[in-house]
Amino acid sequence: MAYSTEFLILGGGVIGCAAARELAKSGHKVLILERGEPCREASWAAAGALIARALSPDEGPLLDFKVRSLALFREHSRELTEETGIDTGFRETGGIDFFLSEEEIEQVPEFLEWQARAGIPAEPLSESELRAREPQLNPEIRHGVFFPTFTQVRTPWYTRALLASALHHGAGLETHIEAREFLMEGDRVAGVRTDRGEVFAETTLLCAGPWSTELARLLGRQLPGVPVKGQIILLVDRARPVNHIVHYGKTYITPRDEGRMVVGSTEEWVAFQRGNTAEGIETLLHQSRFFYPGLGRASVEHVWHGFRPLTVDGLPYIGAFDHLPGLLVATGHYRSGIILAPLTARVVTELLESRPLSFDIAAFSPERVAGMKEVELGERRDLH
Ligand SMILES: Cc1cc2nc3c(=O)[nH]c(=O)nc-3n(C[C@H](O)[C@H](O)[C@H](O)COP(=O)(O)OP(=O)(O)OC[C@H]3O[C@@H](n4cnc5c(N)ncnc54)[C@H](O)[C@@H]3O)c2cc1C
């Protein structure tokens, strides 16, 4: 295969498909190259919770990026369904964070202030309000904060719609083809050599999730990061004991239609070790049954896992490297790649078309890590 395109999208996850759609909509010639099936890695595994909350007084640009991308979702999802006839599973469920210990409860006013400062609607719930919203919640849990803007998509449906829309707008897709090295013309990236031949492109967009680190290394560039494995369980109980996207610590439950509940998710630093483990599943079941004791009666419909792309500072890498024309990077969205897909796609397209950006991505530049020594990313419990 020898092929030539304007924009080559390396990696058909949610970020690649969203960027392909936006570029194809703008009339560009786009090709997605995917090593397996599109959106079958983290972009399939994700719970699809679209949530943005402040967890500290000064969160920096990532929170703002999430808030702005979340605000696009209703219209984005409506457009996708209109174009493709596919329900994305967009549901305006609302969310509740629980506060358990005395110390956590004392911090609620401060927590609410952080949300107000970030422009995120949040309301404290009295015990009776919490009970009215979540009647089957463990009675020991008496404090909650309600987030009316938290929504969700059903990731396999959403990504199917995204890809169908990209193809509908003229994007090409090649699956089961692996990029092995970059083609250079002088100092310019001119495409990739794959296991099935060469693909030339005016611009290559690197969005291969946690595999981007290795691919950048082929160019002698740094995108330090690690895969952080997450396991998830899908429970079903027709009585659907959970009404909102509820959250405590690293555990959340996202209620779907028809009594389905997605319970997520572990955070494991085990490189690309595939599969679900007894320990991972036990942790999720234990925590979710503590919140909703009735969940013990639910059936386990499915378990799965995925690898989140975590960067050295928790911020994504979006933009170009200095002195490396022909290549743009969009990866490292860690726990938030689904919520961030629409705005990432928009700014990438604006960047490639040399238009003013809808969001200042200076803080996400891959150049911020240039010259950094190979880093060992330990378990970063401060990143979310
Ligand atoms: C358990 C779990 C729960 C999550 N929940 C949420 C959530 O509720 N909300 C949210 O916003 N985010 C969530 N996330 C995060 C989100 O899933 C990720 O941030 C997002 O999917 C990353 O998308 P991506 O396109 O960058 O990467 P990926 O989905 O990993 O896609 C990268 C693609 O590149 C391909 N590829 C790699 N190397 C090559 C190569 N050499 N040649 C060709 N193709 C290649 C891979 O096959 C893959 O398909 C969750 C993640 C996990 C694991």
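This is a predicted model: local features need pLDDT of at least 70, side-chain atom pairs count only at pLDDT 80 or more; totals for chains, interfaces and linings use all residues.
Residue numbers start from 1 along each chain as its sequence is written. Helices (H or I, at least four residues) and strands (E, at least two) are DSSP runs, numbered from the N terminus.

Eight strands make up an open sheet with mixed pairing, in the order β5-β6-β4-β13-β14-β15-β12-β16; two strands count as paired if DSSP finds at least two bridges between them. The edge positions go to β5 (123-125) and β16 (299-311), each with a single partner strand, so one side of each has no neighbour in the sheet. On average, neighbouring strands here are turned by 20° against each other, direction ignored. Axes are lines fitted to C-alpha atoms, for helices over the stretch in contact, and angles run from 0 to 180 degrees between N-to-C directions. Within the sheet, β14 (residues 251-255) and β15 (residues 260-264) run antiparallel and are joined by four bridges, with T254 opposite V262 of β15.

Two helices lie across this sheet. Helix α5 (residues 108-118) covers β4 (95-99), β5 and β6 (143-147), running at about 10° to β6. Helix α9 (residues 278-291) lies across β12 (225-236), β13 (245-248), β14, β15 and β16, at about 55° to β12. The loop between β15 and α9 holds S265, and this residue is joined to G264 by a cis peptide bond with omega at about -20°.

Then there is a run of hairpins. Strands β9 (residues 179-185) and β10 (residues 188-194) pair in the antiparallel sense over six bridges, and F182 stands opposite V192 in β10. These two strands form a hairpin with two residues between them, and G186 in the turn has a positive phi of about 65°. β10 also pairs with β11 (residues 197-206), again antiparallel, through four bridges; here G191 sits opposite F200 of β11. β10 and β11 likewise form a hairpin, with two residues between them.

Helix α1 turns up in two packing contacts. Residues are in contact if their C-beta atoms, placed from the backbone, lie within 7 Å. By that test, V14, C17, A18, A20, R21 and A24 of α1 meet T159, L162, L163, S165 and A166 of α7. That makes eight nonpolar, two polar and one charged residues, where Ala, Val, Leu, Ile, Met, Phe, Trp, Tyr, Cys and Pro count as nonpolar, Asp, Glu, Lys and Arg as charged, and the others, Gly among them, as polar.

The second contact of α1 is with α10, where the axes come within 8 Å and cross at roughly 45°. The pair is therefore oblique, on a scale where angles under 35 degrees count as roughly parallel, over 145 as roughly antiparallel, 65 to 115 as roughly perpendicular and the rest as oblique. The crossing of α1 and α10 is right-handed. The α1 side includes V14, I15 and A18, and the α10 side includes G337, I338 and A341; by class, the contact has eleven nonpolar, three polar and three charged residues.

Helix α10 (residues 337-352) also meets α3 (residues 61-84), their axes coming within 8 Å and crossing at roughly 85°, and these two are therefore roughly perpendicular. Among the contact residues are F65, L72 and F73 of α3 and I339 and L343 of α10.

Finally, the ligand. Of the 41 residues around the ligand, G11, G13, G209, G230 and G337 come nearest, a residue being near if its C-beta atom, placed from the backbone, lies within 6 Å. At least two shell residues come from each of α1, α2 (42-45), β12, β16 and α10. The shell has 19 nonpolar, 16 polar and six charged residues.

Methods
A crossing is left-handed if the near helix is turned anticlockwise from the far one by less than a right angle, and right-handed if clockwise.
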